[in-house]
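Work through the exercises below with the sequence and the model open side by side. Each task is followed by a worked solution.

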Amino acid sequence: MAYKFVDNYREKGARKQLVNHLEKRGIEDKRVLQAIGKVPRHFFFDETFWNQAYRDIAFPIGDGQTISQPYTVAYQSELLHVRKGDKVLEIGTGSGYQTCILLELGAEVFTIERQEKLYQRTIQVLPYMGYQPHFFLGDGSKGIPEHAAYDKIIVTAGAPFVPELMLKQLRYGGLLVIPVGDEKSQKMVTILRVGENDFERIELDTFRFVPLVGDQAW
Ligand code: SAM
């Protein structure tokens, strides 16, 4: 597939405005803001909709799925406290935008998507943009046990409960960020693994994600 992506002053300016907006909404982590300022979000949109790419909204990417709202991406990224070299599992690749932000933060990213069309697109677009995560196709609600343990796990779809299998794939000291609730609204939850069967759970703000669908999900 041939891509013809351009990143001109118009898009760069819009990105800068988006960063300012996110800062005003309360995102404080400078590294996250820098990453948002760097990744060309319009590359994940059809050219017809480039004018929508730097609005703080979620947007359809086909197959009933969405590219997450920039604020949500920034919020989850900030919670994750990614350090350079962290091994991060992302469940729900979607467009791949969040994946690029994690890579910009210095993570080694393992990302899994259950929808083949989205997976096929990201395995082409991300390397074209210069981003190289480890891509997987399948049900991420069980995590990816073959590559565990992870320093961080981020779930970008709404779960009905916290899957036990994910918790088991965290390193001690590792952190899971997952939206949990019903189909209409979810609380962002962080879970820190402090020991074999010892976890610290914090419930934060309310969001609305597309559902996490799978064996350990809806
Ligand atoms: N963060 C992504 C982005 O910026 O484009 C948006 C992700 S979208 C809100 C959620 C994604 O999770 C969808 O692409 C959906 O197909 C995927 N998903 C849902 N359940 C899944 C599962 N069990 N395993 C892997 N992916 C799943």
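This is a predicted model: local features need pLDDT of at least 70, side-chain atom pairs count only at pLDDT 80 or more; totals for chains, interfaces and linings use all residues.

**Exercise 1. The largest nonpolar core**

Task: Find which residues of the largest nonpolar core touch the most other members, and which elements give two or more residues to this core.

Solution. 
Step 1. The largest nonpolar core has 46 residues. Those that touch the most other members are Leu22, Ile27, Ile36, Val39, Phe44, Tyr97 and Ile101.
Step 2. Two or more residues come from each of the helices α1 (9-24), α2 (30-38), α3 (70-80), α4 (97-104) and α5 (116-129), and from strand β7 (170-181).
Step 3. Helix α3 gives the largest share, 6 residues.
Step 4. Take Val39 as a case: beyond residues up to four places away in sequence, Val39 touches Arg15, Phe44, Tyr54, Tyr97, Cys100, Ile101, Glu104, Met129 and Tyr131.
Step 5. A separate second core holds 21 residues, among them Ile112, Tyr150, Val162 and Leu176.
Step 6. For background, nonpolar side chains in soluble globular proteins tend to be buried together.

**Exercise 2. The ligand**

Task: List the residues that come nearest to the ligand, then describe polar pairs that involve its nitrogen atoms and state how much of its area the protein buries.

Solution. 
Step 1. There are 26 residues around the ligand, and Ser95, Glu113, Asp139, Gly140 and Val213 come nearest.
Step 2. Asp139 has a polar side-chain atom 2.9 Å from a ligand nitrogen atom.
Step 3. For Arg114 the polar atom belongs to the backbone, and its distance to a nitrogen atom of the ligand is 3.3 Å.
Step 4. Ser68 places a polar side-chain atom 3.4 Å from a nitrogen atom of the ligand.
Step 5. The ligand taken alone exposes 600 Å², and the protein buries 99% of that.

**Exercise 3. Salt bridges**

Solution. 
Step 1. Lys30 pairs with Glu23, with 2.9 Å between the closest N and O atoms. Lys30 is exposed at 52% relative accessible area, whereas Glu23 is partly exposed at 36%.
Step 2. Glu104 and Lys38 form another salt bridge, at 3.4 Å from N to O. Because Glu104 lies in helix α4 and Lys38 in helix α2, this pair ties together parts that are 66 residues apart in sequence.
Step 3. Glu104 has a relative accessible area of 26% and is partly exposed; Lys38, at 51%, is exposed.
Step 4. The bridge between Glu203 and Arg201 has its closest N and O atoms 3.5 Å apart. Arg201 is partly exposed, with 48% relative accessibility.

**Exercise 4. Asp56**

Task: Decide whether Asp56 is buried or exposed, and identify its side-chain polar contacts.

Solution. 
Step 1. Locate Asp56 in the loop between helix α2 and strand β1 (59-62).
Step 2. Its relative accessible area is 16%; buried means under 20%, so Asp56 is buried.
Step 3. Leaving out residues up to four places away in sequence, Asp56 touches Leu18, His21, Leu22, Arg25, Gln69, Pro70 and Tyr71.
Step 4. Two of these neighbours also meet the Asp56 side chain through polar contacts of their own side chains: His21 at 2.8 Å and Arg25 at 3.1 Å.

**Exercise 5. Pro133**

Task: Place Pro133 in the fold and list its contacts.

Solution. 
Step 1. Pro133 is in the loop between helix α5 and strand β5 (134-137).
Step 2. With 7% relative accessible area, Pro133 is buried.
Step 3. Not counting residues up to four places away in sequence, Pro133 touches Thr99, Leu103, Val109, Thr111 and Leu126.

**Exercise 6. Backbone geometry**

Task: Which peptide bond is cis, and what is the phi of His81?

Solution. 
Step 1. The bond from Ala148 to Ala149 is cis, with omega near 10°. Ala149 is in the loop between β5 and β6 (150-155).
Step 2. His81 has phi near 45°, a positive value in a residue other than glycine.
Step 3. His81 belongs to the loop between α3 and β3 (87-91) and is exposed at 53% relative accessible area.

Definitions and conventions:
Residues are numbered from 1 along each chain as its sequence is written. Side-chain values use heavy atoms; hydrogens and water are left out. A nonpolar core is a set of buried Ala, Val, Leu, Ile, Met, Phe, Trp, Tyr and Cys residues joined through side-chain atoms within 4.5 Å. Buried means under 20% relative accessible area, exposed over 50%, partly exposed in between (1.4 Å probe, protein chains only). Helices (H or I, at least four residues) and strands (E, at least two) are DSSP runs, numbered from the N terminus. Contact means heavy atoms within 4.5 Å. A residue is near a molecule or strand if one of its heavy atoms lies within 4 Å of it. A polar contact is a pair of N or O atoms within 3.5 Å; within protein, one must be able to donate a hydrogen and the other to accept it, and residues adjacent in sequence count only if both atoms are side-chain atoms. Accessible areas come from the Shrake-Rupley method with a 1.4 Å probe; for residues, only the protein chains shown count as cover. A salt bridge is a side-chain nitrogen of Lys or Arg within 4 Å of a carboxyl oxygen of Asp or Glu.
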